[in-house]
Each structure stands twice: as structure tokens, then as C-alpha cells.
Amino acid sequence: MAAVSEAALLEVRALGKRFGGFVALEAIDLEVQPGERVGLIGPNGSGKSTLVNCLCGTLRHELGTVRFEGRNLAGLKAHERTRLGLARSFQLPRPFGSLTVAENVLVPILYAVQARGNRTAATDARCAELLGMVGLADKSRKLPRDLTQIEMRKLELARAMASEPRLLIADEAMAGLSHGEVDDILALLLRMNQAGVTVIMIEHIMRAVLHFSQRLVVLVAGRKIADGAPQEVVRNPEVERAYLGE
Amino acid sequence: MSTGKFLPLILFVAALVFGAARWIDNSYVFFAGYVVLQYIVLATAWNILGGYTGYVNFGTPAFLAIGAYASVALYKLVPLPIPLLMLIGGVLSGVVGLGTGYLTLRLRGAFFSIATLALSVVVQTLVTNWDFVGGSRGAYIIRPMTAPLIGGGYIDYLCLVMLLLAVASIVIARAIESSKLGYGFATIRDDEAAAEASGVPTLRLKLLATTLSGALMGMAGAPLPYYVTYLDPASGFSLTYAVNSIAMPLIGGTASWIGPILGAVILGTVQQLVTVTISSAANLLIVGLILVGFVIVAPNGIVGLVRGWRR
């Protein structure tokens with residue numbers, strides 16, 4: 001096997017995605033090291049969510065390769081990537097509406113963690129533990145429709161964590177939340193990172209991204225225009241131009 | 001209750017039902033009972049795909065008729081015992097279910113439903129033009145006078161076979177519901193992208209649901225020619241099957257295995273009563289009215305209504 005540079009957890013090489021004639025992503029290179037906290041920013045329509053969808057197998061990309069723990073992910077479906085340890089949360093929470101909060105968290109345990117077997121006392125305990133971690137322990141028997149917006153975000157993160165990922169891609173987990181709620185979710189993501197999970201955070205709230213990220217990656221119109229230390233990246237003239245105009 | 005404990009219980013209930021019918025000793029009870037039991041199977045089978053995974057299937061007649069016409073064809077070649085015919089009909093319909101699932105897996109909502117409706121039309125056209133099984137003229141089956149094994153009228157035997165199939169489908173549906181598979185099906189119904197992201201192999205599960213649902217419908221269709229003794233495409237592919245197998249789970253409640261049974265027993269019995277007392281044509285009118293009533297009063301069926309009271 002070709003030497004994977006510094007044993008990157010995620011290695012994206014020359015990834016390209018088109019929708020018809022529209023180039024959504026062009027020649028994206030990205031490396032994420034184990035344990036890292038990476039912020040991914042970019043104006044609306046810059047291709048952030050498309051990149052996430054390509055990484056997670058929801059969309060197929062025409063060009064380039066994605067390697068996870070050295071393994072080429074080409075041809076692997078979304079559920080297979082989840083089982084490998086690549087989890088995501090959705091931009092708009094997408095809970096399983098007919099299942100209780102606890103059952104929502106149970107599904108990845110049954111399908112991504114356990115090779116076989118049904119719901120047991122052990123899986124129920126694990127659900128309670130995960131819900132406790134995000135502060136939803138007392139809501140476990142409720143349906144998702146009874147949750148508030150922030151609780152829904154927490155459920156989304158708990159469900160992503162339930163698959164015991166090595167890499168978590170949090171797609172705008174804080175959009176539309178209040179100041180205090182953003183801090184809540186931030187603390188949660190930092191705790192997950194401390195527990196050993198590598199996190200890619202996609203976010204518009206600059207305060208949160210700058211606080212969280214060790215490294216910042218900027219996408220503009222489907223191209224990566226900056227990648228480096230957050231404070232340097234935000235002073236990059238190209239980045240300023242993309243966000244503030246000429 | 002585990003499946004191991006549930007099986008003896010439901011077999012006991014089935015034995016009671018059959019014993020009571022034998023005690024009444026009126027062949028009409030068996031004629032009417034067969035139809036109700038057939039609908040328990042069809043409604044339960046429909047619910048595995050439509051209720052659990054949320055894919056609304058209008059193609060019940062196709063799967064039922066594949067089982068039925070397999071029996072007609074075999075009757076002309078080598079007459080086989082009914083249980084064997086059911087097995088063959090089940091395999092054929094299961095394969096068609098698998099194929100349908102594979103071809104329509106990208107279709108969601110109304111588009112999937114339209115595809116299944118089309119399947120019904122395609123299969124009906126094929127059978128209508130297949131001379132060996134009677135084509136549009138239909139086919140006659142000469143039913144033996146007495147039942148094998150249990151004695152009495154042959155209809156008793158058909159009814160018993162259908163009763164056992166109903167027990168089997170209920171046990172299967174109930175086992176799915178309380179297992180990992182049940183959760184997987186529910187996630188497909190709720191949000192397929194989120195299901196994939198949670199590690200659920202949605203394609204494989206959908207194919208499993210279409211195959212299982214189709215196979216059970218095919219098994220229910222296999223004894224049909226022996227029941228009606230004359231089968232033509234117009235009756236074999238009757239829209240009644242499609243409407244009933246959707247209406248029954250909706251009225252009973254799609255969330256639980258007991259819903260389709262309640263719906264089939266209530267609606268099936270009412271239809272049988274109306275057929276002999278008022279008119280056989282009023283059947284579907286009754287279904288329509290009850291369905292409209294339930295959609296307004298209890299959109300989640302009887303099961304939903306009861307769960308609402310308990311809260």
C-alpha cells in the first residue's frame with residue numbers, strides 16, 4: 001500500500017462533482033488527522049453540503065478518491081461508510097418520526113455497531129448513556145415531534161455518536177440556535193472530540209467555528225481557497241473577498 | 001411476549017376458531033370464513049411493505065393472481081396437493097416481488113404506487129393472452145368432493161389451509177415488528193437518507209419487504225382456483241383485492257400486526273354479511289364509506305384510536 005501521508009484519518013484527493021454542466025466541486029484536496037477539529041466554511045452554495053454528501057456516500061462523485069483510515073471508499077454505500085466509522089449529522093434534523101427518542105439512538109447501535117442481534121438490556125443501557133451525554137435522558141420515551149429545536153439537534157448528534165464513529169461530520173448543527181444554545185452544542189462537540197472522535201464542523205456562525213476549529217478550510221464556488229490556522233485563514237484576502245465582496 | 005410463547009397461543013386460538021366452525025357444521029361458515037382468512041393474509045402481507053416500510057402497493061391482485069394462475073397451470077399439468085401449490089405460488093410471487101422491488105427501488109411515494117398498479121395491468125394482460133390457463137375465457141377447476149386428512153367438505157380443508165397461512169403470516173409480521181428488522185423498516189418509512197446514515201442497508205431491507213410481502217400474497221392466491229372453481233382474469237385481478245388489502249390495514253391500524261387482522265375481520269365480515277343480505281355490488285361501497293369514516297375519525301386506525309385513549 002502506498003504510504004498514507006502521516007496516517008491521515010480522512011484523505012480526499014482531487015475530488016470533483018458535477019450536476020449536469022454545473023461544477024459543484026472541483027479538485028478538492030483535504031486531509032484530516034486523527035483527533036483533529038476541522039472547521040469547514042464557505043458562502044451558501046459553495047459546495048459544503050455536496051462535499052459532505054460525497055464523503056458520506058449519499059452522492060457519487062465522478063472524479064477523485066476518498067480514503068478513510070487508508071481504505072478507498074469508492075463504491076461503498078452510505079450505510080457501509082457509517083459502519084466503518086464515518087458518521088454525519090444532518091443540516092436540518094432528520095429524526096425517525098415514528099420512533100421514540102431512545103429508539104432513534106438505538107437504530108445505529110443495532111445496524112452499525114452490533115453485527116447481529118436485537119434490542120437487549122445492554123443496548124438500552126447504551127441508549128440511556130448516549131442520551132444522558134447530550135442531556136436528553138428524561139426525554140427518551142418522547143417522540144421527536146415533542147422536542148424543541150435544540151433538543152432535536154442534540155438528538156441528531158446523539159444518533160450520529162451512537163454509531164461509534166471515528167470521524168463525525170457535523171453539518172450546521174447550530175444553525176438557527178440562540179447564543180446560549182450554540183455554546184451548549186459547542187461544548188458537546190468539544191466533549192466528543194476529547195473522547196477521541198475527529199470532528200469536521202460545517203458552520204456559518206464564525207464565533208463558533210473560530211472557537212472550535214484547530215484548522216479552517218474554506219470552500220468558495222466548489223474550490224478550496226484556503227486551508228490553515230483559523231486566525232490566518234480569516235485574514236486571507238481571498239477569503240475576505242468571498243465573504244465581503246470586492 | 002416472545003414468538004416462542006406467542007406461537008402456541010395463536011395456534012390455540014386458530015384451533016378454537018376451526019373447532020367452532022366444524023361444530024356449527026354449515027358449509028357457508030367455511031365459504032365466508034375462507035374469504036375473511038384470505039384477507040387477513042393479504043392485509044398482513046400488504047402491511048409488511050405498506051405499513052412497516054411505507055411503500056404503498058396497489059399491486060396486490062398481481063401477486064395474488066400469480067399464485068392463483070400457477071395453481072391453474074399446474075392443475076392442467078400435474079395436480080398437486082394444496083400446500084405444495086401454495087409453496088410454488090409463494091416462490092413465484094416472491095420472485096416477482098423481488099424483481100418489482102429491484103426495478104422500482106428508486107421510486108418513492110405515489111410513483112412507487114403507480115408502478116405497482118402498472119404491474120397489475122401487465123400481469124393481467126399476460127394472463128389474458130395465455131391460452132393454456134384459459135385466457136380471457138377463464139379456467140374451470142374441478143374440486144374434489146371431500147377433504148383429505150380431516151374429512152368433511154373440501155371447503156373445510158381449504159379453510160384450514162388458509163387458517164394456517166394466516167397464522168404463519170401473523171407470526172412473521174409480529175416477529176418482524178419486535179426485531180431489529182422492524183426498526184430498520186420503520187427508519188425506511190420515516191427517512192431513508194437518515195436510515196442510511198445510521199447504518200441501515202435500506203436497499204436490502206426494501207427488497208426483503210417486497211419479496212416477503214409478495215410471497216405471502218402469492219401463497220394466499222394459490223388455493224383460490226379451488227375455492228372459486230372458475231377463475232377468469234377479471235375476477236382474479238379484481239380491483240377489490242387491491243382496495244381491500246389497503247383499506248383493511250388502514251382501518252385496523254398500520255403500526256401494529258394486530259391492525260390488519262382487526263381490519264380484515266371487521267371489513268371482511270361486514271362484506272360477507274352485506275353480500276348475502278343486501279347486495280353483492282354494495283361491497284366496495286361499504287368499504288369506501290367505512291374508509292372515509294376512519295380517515296376522518298381515526299386516521300391511525302383502530303390501533304391508533306386505542307393507543308390514543310391509553311395515553
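**A helix in chain B**

Author: The buried residues of α12(B) are Tyr241(B), Ala242(B), Asn244(B), Ser245(B), Ile246(B), Ala247(B), Met248(B), Pro249(B), Leu250(B), Ile251(B) and Gly252(B). Buried says that 20 or more other C-beta atoms, placed from the backbone, lie within 10 Å of a residue's own; 12 or fewer is exposed, and in between is partly exposed. Helices (H or I, at least four residues) and strands (E, at least two) are DSSP runs, numbered from the N terminus.

Reader: How are residues and chains labelled, and what kind of model is this?
Author: Residues count from 1 along each chain as its sequence is written, while chains are lettered from A and ligands numbered from 1 in the order written. This is a predicted model, where local features need pLDDT of at least 70 and side-chain atom pairs count only at pLDDT 80 or more, though totals for chains, interfaces and linings use all residues.

Reader: Back to α12(B): why is it largely enclosed?
Author: Because 11 of its 14 residues are buried, α12(B) is largely enclosed by the rest of the structure. The cover over those buried residues includes α2, α3, α13, α14 and α15 of chain B.

Reader: And what comes just after α12(B)?
Author: Gly253(B), which takes a positive phi of about 120°.

Reader: Which residues have the most contacts inside the largest nonpolar core?
Author: Ala158(A) and Leu42(B), in a core of 154 residues. α2(B) gives the most to this core, with 13 residues. A nonpolar core is a set of buried Ala, Val, Leu, Ile, Met, Phe, Trp, Tyr and Cys residues joined through C-beta atoms within 7 Å.

Reader: Switching topic, what's the strand order in the open sheet of chain A?
Author: The six strands go β6-β7-β8-β3-β9-β10, with mixed pairing. β6 and β10 of chain A are the edge strands, each pairing on one side only. Two strands pair if DSSP finds at least two bridges between them.

Reader: How many bridges join β3 to β8 in chain A?
Author: Four, and these two strands run parallel. Within β8(A), Met201(A) is the bridge partner of Gly39(A).

Reader: How many residues does each chain put into the contact between A and B?
Author: Chain A puts in 24 residues and chain B 17, with contact meaning C-beta atoms, placed from the backbone, within 7 Å. α3(A) gives the most to the side of chain A that touches chain B, with seven residues.

Definitions and conventions:
Contact = placed C-beta atoms within 7 Å.
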